[in-house]
Amino acid sequence: MKENIVIIGGGIAGLEAAAQLLDLGYKPIIIEKNDHLGGHVADWNKLFPDMTPANDVVSSLVARAADANIFLNTEISFVNRLNDSYNIMLSNGISIITRIILLATGFSLFDASRKEEYGYGVYDQVITNKDLEHWFNTGDDPRIGDCAMNAVGFVHCVGSRDEKARNSQCSKVCCITAVKQAIELKQMFPESMVYCFYMDLRMFGKKFEDFYISAQRDYGIRFIRGRVSEVSENIDGRVIVKAEDTLSGKPVKVTLDLLVLMAGMVCSPDSTKVANMTSLPLDSDGFLKSRDNIADIIDSPREGIFYAGACTGPKTVPETLAEARAASLKIHLYIKGLEK
Amino acid sequence: MRERFLTGYNDFVLPFVCGMLFVIIYCLAGMIRIIMQLPVQDRKKFFLSLITPKTLIKDIKDIFLKCLIHVDLWKRNKLLGYMHSSIAFGWFMLIVVGHIEVILYTSNLGAKALYYPIFFRYFVAETESTMRGSLIFFLMDFFLLVVLSGIVLAIIKRVRSRLFGMRRTTNPSFLDLVGLYSLWSIFPLRLLAESFTADISGGSFLTKSLNYVFTEFLSNHANMLPAWWAYSCALGIFFFVLPFTRYMHIPTEILLIPLRNAGIRIVNARKGLAKAQVYACPSCGVCIDACPMGVQKGNIKDTTVYLNRQIKRNNETRIEEISDKCLLCGKCTAVCPVGVEGDKLRIAQRSIRKYSYSPDYSNIDVAAEINACNNFVSGDNNNVSSIENKKVLYFAGCMTALTPAIRKTTVSILSKAGISYSMMDKDGGICCGRPIFMAGRFDQAKQLVEKNTEIIMNSGADILLLTCPICYKIFREKYTLPGIEIIHHTEFIERLISSGRIKISKDTTRYVFHDPCELGRGCGVYEQPRKVLASAGNLVEAAKNRQESICCGGSLGSLTLGFDKRRAMTENALANLVSDDPDRIVTACPLCLDTFARYSDRPVEDISQVIDRVSVPADKKRNDN
């Protein structure tokens, strides 16, 4: 079992794959650019639909993957393609020769300031879904809680399904995340009015629909179908949101204490960087291209390179974990094939 | 000189005489038609301009400089300029000197006046006394050589247009080709014909030398008549096809120049001035390289030169397609050597479209808006409020509403400068009317203009401040706001800096300024934004700037261009902007900002964002200086 397996990315996909490979008797190497493992999920507070603490998920994954070789604060400097293997040079000076690379580079959050009309970075009281989770975790954000919190709005699909933002794909998890966050805020501030501005609600997953019904029935969250047209700020710093309620066919205007933008998922620049180094193609949605989008989603077009998680497109946590398990099995069988 | 023939006539003059009479009658009829098609006031204006010495002198000067010398083309490319002016001016001088010659040496002209100046050398023989005419002989040969050199260049241009500074040229139609080849053959044939008779009627360095060199062939007078026939036929063919080819631009431009100098605008989409412009188009294709849509090959046939061709052909489907696709950036108008207004011509085509539904804005109640905007607050810099304090009404417009950073930083600048200001559309206002005007729906635009005028006139403001050049253009052109100064924020900030109301700390950031179409070509504002940026950092220029700035591709002007089609245009415009590797791209239009920010590899900002970042309120001391 001397085969080197390099896992790029120490998020949940990388950790789960490492854990599975350890169980199969391998000693994988995890390369993580941050100073901690867990990726985006580590920044989250609770996970839909059962309000599972994100920390529990991440810490159990970290514990299971603890025996792997883990390089934190490390990036890939370059990748050389050798005859039947790859030479990976790390930023800490270590070089690794391997025949197997698992890309678990994940996604980046869409930069909400690029939708300038929503005012992120311009108005104080406009934040993103990530900022809100950060506040849930740390309670450290002067924009939230210090104000009256009489009215809060959520804007769905910020940088998703939006050609003008150069992302035409659906980010999949923001609908249900908005519902989750709306419920959490409503639990903390029961007197506040919570609005969700959406164009479609895609409640595809297990118990999502129940969650959404509960948000309306049990928490009185208002769902308004219509894209927000513009956001402005009034004299006392509150934000004024204008939108069209396309179900009633009327324009709506509400003044809010806080506006949360549900920034979507885009391919992370690190994925693109590694893809360039290993000459992997990008798909038309900007994410990494699989050999086949139905049968071989975890296979790259290059021999010995595999994918797991959101580097090939937006995915939920359970989907990512399932892909990571599938990828480890695939790698195991691939190594068996090489040994013959 | 003595006449060789008693009759002074030969049948070979017929093709030329018929052709010339045809083209003169055709042009006169066309001119009368265009003048009759003008609206009554415009026609009056036109006739008045013809008897006003000032405009008349300008007319003559413009016709000489533009039609004969082609000054605009000289500015663009020396070789292109020489090619055009050698043919036009050389031919013109041949006609003038030819007439002088005829008047000097013949009497009792009569009907012979129709063709004598052209075929003079055939009908006369040189005598001893004609030696005095050697200067004229020399001039005739000289100008013939000038024209011939132009023709040679024209032939080279057809093969290698890049030598003439043109990447792409127009695809000529069949009749254009007939006209082209007959024009090219006129002058070599003239040389040949005159060389035949050079030993009889005299000549100079060109014709006489040719006659000596090819003495075997040219001295054989049996060959003489066919050469003169060929020359006359080439002229005849050229004149007969002229009204149906691009060469119609020659007579039409002579009419277009006085019409333009009289200050006439396009009213009817196909008649009057519009018609004159369409026929004045020489199909030179300068607009093809200028068009920002040209980055995609499929759009080349949608440039102004092809619009003119389709209008001549009455091809309604294509006219509609071409008119709707255009971004209305106005660059083709800026570069056109004859002054065809491609953007206005297209808006006029859009205006004749029939719609089944027309929105009515006349019932909008403006009372609430008047109330809201009559709410001036003073800036927080008390040091400067003692200086003349005009009330500023700030109309952000709908595009600025989508780029709130511009509004926020502009208000911050106003506040730093201690200006007393009020927001006209803080809570949503009425559209300025420019987008619907661009769509050719003038009645609706007028309703919006009236509503906004009522609000502004009741606001008590002295200055109307705009941060969007799209609004700025229509406010300048279509609004009458007596006593209120209309100003764009680039101009206003420049004024604040030069009057010392805000203080700028300069650093070494390299800025490039993108001239928005509506601000630069649309309103002629080029200097102020550059002055402002030069005071904040180092100003570098784009490869193509000012008049020739390239549209960002986000323009509201196009009714049909899809989002995916515009990307290549934006990337092309960005590549042009970063040619001198600036740190930041600065513009002064919310739409350009939004469009560039999407694809740019470096920060894109509005000029107000730059100035708000680097400015502080001026202190009292400074003002006392």
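Hi everyone, and thanks for coming. One thing before we start: what you see here is a predicted model.

Let's begin with chain B as a whole. Its C-alpha atoms fill a box of roughly 95 × 55 × 50 Å along the principal axes. Of the 625 residues in chain B, 48% are buried. If you take the contacts in chain B with a separation of 6 or more, 77% of them join residues 24 or more positions apart.

How is chain B divided into domains? The domain assignment gives four entries: domain 1 covers 2–28 + 43–252, domain 2 covers 268–351, domain 3 covers 366–495, and domain 4 covers 497–617.

Let's look at domains 2 and 4 of chain B together. Their C-alpha centres lie 27 Å apart. The contact between them takes 13 residues from domain 2 and 19 residues from domain 4. On the domain 2 side, the elements giving two or more residues are α16 (316–325) and α17 (331–335) of chain B. By class, that side of domain 2 divides into eight nonpolar, two polar and three charged residues.

Now for a sheet in chain B. Please find the open sheet of four strands, which runs in the order β10-β9-β11-β12 with parallel pairing. Which strands stand at the edges? They are β10 (538–540) and β12 (604–606) of chain B; each has a single partner strand, so one side of each is left without a neighbour in the sheet. From one strand to the next, the twist averages 40°.

Zooming in on one pair, strand β9 (residues 510–513) of chain B joins β10(B) in the parallel sense over three bridges.

Last stop: where chain B meets chain A. This contact takes 13 residues from chain A and eleven residues from chain B. On the chain A side, the largest share, three residues, comes from strand β15 (residues 228–233) of chain A. Sorted by class, the chain A side has three nonpolar, two polar and eight charged residues.

Technical notes. Residues numbered from 1 in each chain as written. Chains lettered and ligands numbered in written order. Predicted model: local features only at pLDDT ≥ 70, side-chain atom pairs only at ≥ 80, totals over all residues. Pairing = 2+ DSSP bridges. Axes fitted to C-alpha atoms, helices over the stretch in contact; angles between N-to-C directions. Contact = placed C-beta atoms within 7 Å. Nonpolar A, V, L, I, M, F, W, Y, C, P; charged D, E, K, R; others polar. Domains from an automatic or database assignment. Buried ≥ 20, exposed ≤ 12 C-beta atoms within 10 Å, placed from the backbone.
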